[in-house]
Amino acid sequence: MMLVMPVMQLIILPLAMDFDVKFVNLAVVDNDHSTASQKLISTVTASGFFKMKGNASSYKEALQLIQKGQADIILEIPPSFEKNLVRENRQQLALYADAINGTKAGIGSGYLLSVIRSYSLALDIGLKSVPKDASAGAIDITYSNWFNPLGIYRYNIVPAVLVLLLTLIGGYITALNIVREKEMGTIEQINVTPVKKWQFILGKLTPFWIIGMIVFTIGLVISALVYGIVPKGNIFLLYAFAMVYLVGIMGFGLLISTYSSNQVQAMFVAFFFMMIFMLMSGFFTSIDSMPGWAKLISDLTPVTHFIKTDRMIILKGSEWKDVKTEFFYLVAFALFLNSWAILNYRKTN
Amino acid sequence: MKQLLVFIRKEFYHVFRDRRTLLIMFGLPVVQIILFGFALSSEVKNIRLGISDNAEDVNSRQIISKIRSSDYFIVSEKKIGYGELEAEFRKGNMTAALIFPNSFGNDLLHSGTAPVQIITDGSDPNIAKTVVNYLTNIIQAYQAENFGRAAGYQVVPEIRMLYNEEGNGSLNFIPGVMALILMIVCTALTSVSIVKEKELGTMEVLLVSPFKPIWVLIAKAIPYLVLSILNFTVILLMAVFVLGVEVRGNVPLLFFESILFIITCLSLGLLISNATNSQQTALLLSLMVMMLPTIIFTGFMMPLENMPVPFQVISNIVPAKWYYNIIKSVMLKGLGFEYVWKETLVLGGMTVFLLTIALKKFKTTL
């Protein structure tokens with residue numbers, strides 16, 4: 001299971017996680033049926049951003065489509081659209097967006113606005129003579145996205161999934177470890193031997209640490225083979241980070257283990273904390289958008305730091321001097337969590 | 001009947017004695033609601049923008065002050081050469097850079113076009129796209145104000161955000177949190193509870209007693225049913241009072257659908273408990289096999305329509321997906337039963353199916 005799980009996760013998660021807003025379902029209500037309105041509709045259709053859900057004959061009918069979840073935005077063209085445009089040079093259009101999913105509504109209406117803007121400009125050039133000073137003051141904006149020019153979301157997700165793998169193995173399995181011995185009673189036998197606490201704990205950690213690094217390597221190989229993601233930066237740096245991070249997370253698992261009395265509890269508690277860590281770490285949502293207190297909490301978890309540096313090293317090729325503060329954070333976490341676990345573990349109850 | 005009540009009381013004692021699990025059971029939704037409601041947001045804010053103003057003339061300063069006054073960016077100005085940009089990005093200090101060439105103002109006034117360049121850190125494509133959008137809008141607005149044509153056609157769109165005029169970013173998550181919590185509590189805890197008896201050996205005792213095996217299962221399920229309804233109520237109250245969400249739909253209908261979903265999850269829990277004899281496996285199965293699909297295939301974290309088609313087909317088997325749609329329609333859009341009867345039927349069908357299999361496979365002898 002330990003080998004199948006990373007493969008499955010690496011394949012399923014990046015495929016499923018695509019936050020891109022690609023197709024927005026649009027319903028059009030054309031109350032004008034004029035040449036201008038037809039032109040607007042065809043410009044919108046041709047833009048390729050929308051899946052046209054047909055023309056409804058009234059706002060009420062279109063609203064039904066939104067209620068059923070079949071449409072995301074309604075574009076309503078008022079009657080006398082063309083007439084007012086020609087006479088007063090100004091006309092209003094109504095857009096109604098299903099805003100339950102705020103991002104989708106925002107991006108969808110953004111697309112629609114830019115299409116309408118270009119329709120406006122096209123009208124201008126076609127129907128009226130271009131005023132003399134129209135060409136002055138045009139700001140030409142060029143943009144480029146570095147490190148990921150095509151904007152492929154997978155490049156963002158795969159490094160994070162690698163961190164997720166290590167977190168699962170490190171956190172869950174070590175959490176179960178000591179508790180299982182407690183439940184089975186074999187821990188009593190170990191407690192009466194002269195083995196020191198730290199030797200005992202180190203002994204428990206080591207095999208799983210090795211397995212964790214093997215899983216990490218498998219993960220890297222899969223990302224290269226399946227997704228073509230090869231780390232741009234120094235691979236030894238990446239491994240150094242992974243090693244320290246794994247020790248830290250295992251320390252956390254052990255800590256949970258020392259506080260729980262049975263396996264189910266340990267798993268549940270581990271799950272609870274893992275979920276909070278993953279959510280706050282910048283895996284799904286961006287850290288910059290968080291309010292100050294949330295950022296503080298996010299900074300306190302080792303997961304955040306590793307996801308950040310993992311992405312930096314793999315995608316941007318960041319070097320030691322760029323990530324050394326993060327490295328020291330991770331070392332500090334590892335030391336702190338493991339010491340706490342060792343101190344908390346009592347040989348006698 | 002009296003026997004059943006006694007058993008139910010015993011099961012309640014079991015549940016209440018495990019304080020830690022109880023704490024997590026109720027703490028989890030509270031934490032998630034707070035996180036999703038206040039900390040996590042799919043909006044893009046506080047973007048660290050580095051501006052390299054090589055022109056330093058009236059126009060570039062005006063654009064920069066416009067950018068500063070919009071709430072989206074944290075602006076830091078540095079004079080960086082093009083060659084140093086990559087190093088800056090590698091340090092992770094900047095999410096995007098805006099570069100004005102030194103002849104900006106001149107070009108604008110005399111030759112008609114002036115270039116500016118936006119460079120974004122593409123590691124997160126959505127943020128990159130949004131940054132370009134924001135900056136483009138601000139710059140184009142500046143252009144329209146100062147150099148815009150007075151004459152010309154203007155088509156002015158007015159946007160109305162339906163169901164969410166306040167622009168609450170967390171609406172999408174709340175039904176998802178409900179589905180997730182109910183699924184976890186009902187499926188995982190129920191299955192563990194039954195398997196624990198098997199593991200400890202006390203199940204045998206129960207089975208040889210004159211007590212019907214069916215009642216054993218029902219007795220085990222009831223405490224979790226009650227607690228889940230309580231949990232659902234807590235989530236609802238938190239959504240209304242802490243997050244300010246308006247419940248537009250019929251509240252009894254909400255409860256009815258939730259109880260149906262709870263029973264679906266309980267049946268799933270029963271099914272899992274039949275399949276295994278160890279608590280660890282039961283918990284693992286419930287958490288990994290049930291929870292991960294719920295998160296991915298419900299569509300509340302990641303849009304379903306972006307996934308490859310086979311995934312979309314699989315999502316139809318996940319009961320949480322139907323429940324999520326029902327809650328969204330009833331609670332957030334305020335629709336009535338006539339809009340959700342299809343999903344309710346599907347959920348009901350799944351429940352009956354799962355229950356039948358679970359009860360059939362329940363071994364009355366060991």
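Colleague: How far apart are the centres of domain 1 and domain 2 of chain B?

Modeller: Taken over C-alpha atoms, the centres of domain 1 of chain B and domain 2 of chain B are separated by 48 Å. Bear in mind that this is a predicted model. The domain assignment puts domain 1 of chain B at 47-162 and domain 2 at 170-361.

Colleague: Okay, over to the rings. What makes the pair A:F241 and A:F327 edge-to-face?

Modeller: There are 19 aromatic pairs over all chains. For A:F241 and A:F327, the ring centres are 5.1 Å apart and the planes stand at 75 degrees. Centres within 6.5 Å make a pair, and planes over 60 degrees apart count as edge-to-face, so that is what this pair is.

Colleague: Which parts does that pair tie together?

Modeller: A:F241 lies in helix 9 (residues 235-259) of chain A and A:F327 in helix 13 (residues 320-344) of chain A, so the pair links parts 86 residues apart in sequence. A:F241 and A:F327 are both buried.

Colleague: And why is the pair A:W320 and A:F328 called edge-to-face?

Modeller: Here the centres are 6.2 Å apart and the planes are at 85 degrees, so this pair is edge-to-face. A:F241, A:Y245, A:F306, A:W320, A:F327 and A:F328 form one aromatic cluster.

Colleague: How do you know that A:W320 counts as partly exposed?

Modeller: Its relative accessibility is 40%. Buried means under 20% and exposed means over 50%, with partly exposed in between, so A:W320 counts as partly exposed.

Colleague: Then why does A:L296 count as exposed?

Modeller: A:L296 has 58% relative accessibility, so it counts as exposed.

Colleague: Which helix gives the most to the nonpolar patch?

Modeller: Helix 11 of chain A, with three residues. Helix 2 (19-39) and helix 9 (213-241) of chain B each supply at least two.

Colleague: Last one: how do you know on which side of helix 4 of chain A the buried residues lie?

Modeller: The buried residues there are A:F81, A:N84 and A:L85. They cover an arc of only 105 degrees around the axis, so they are on the same side of helix 4 of chain A. The face turned away from that buried side carries the exposed A:K83, A:V86 and A:R87. Just after helix 4 of chain A, A:N89 takes a positive phi of about 65 degrees.

Terms used. Residues are numbered from 1 along each chain as its sequence is written. Chains are lettered from A and ligands numbered from 1 in the order in which they are written. This is a predicted model: local features need pLDDT of at least 70, side-chain atom pairs count only at pLDDT 80 or more; totals for chains, interfaces and linings use all residues. Side-chain values use heavy atoms; hydrogens and water are left out. Helices (H or I, at least four residues) and strands (E, at least two) are DSSP runs, numbered from the N terminus. Buried means under 20% relative accessible area, exposed over 50%, partly exposed in between (1.4 Å probe, protein chains only). The arc is that of the directions from the helix axis to the C-beta atoms. Domain bounds come from an automatic or database domain assignment. Rings of Phe, Tyr and Trp (its six-membered ring) pair if their centres lie within 6.5 Å; planes under 30 degrees apart count as stacked, over 60 as edge-to-face and the rest as tilted.
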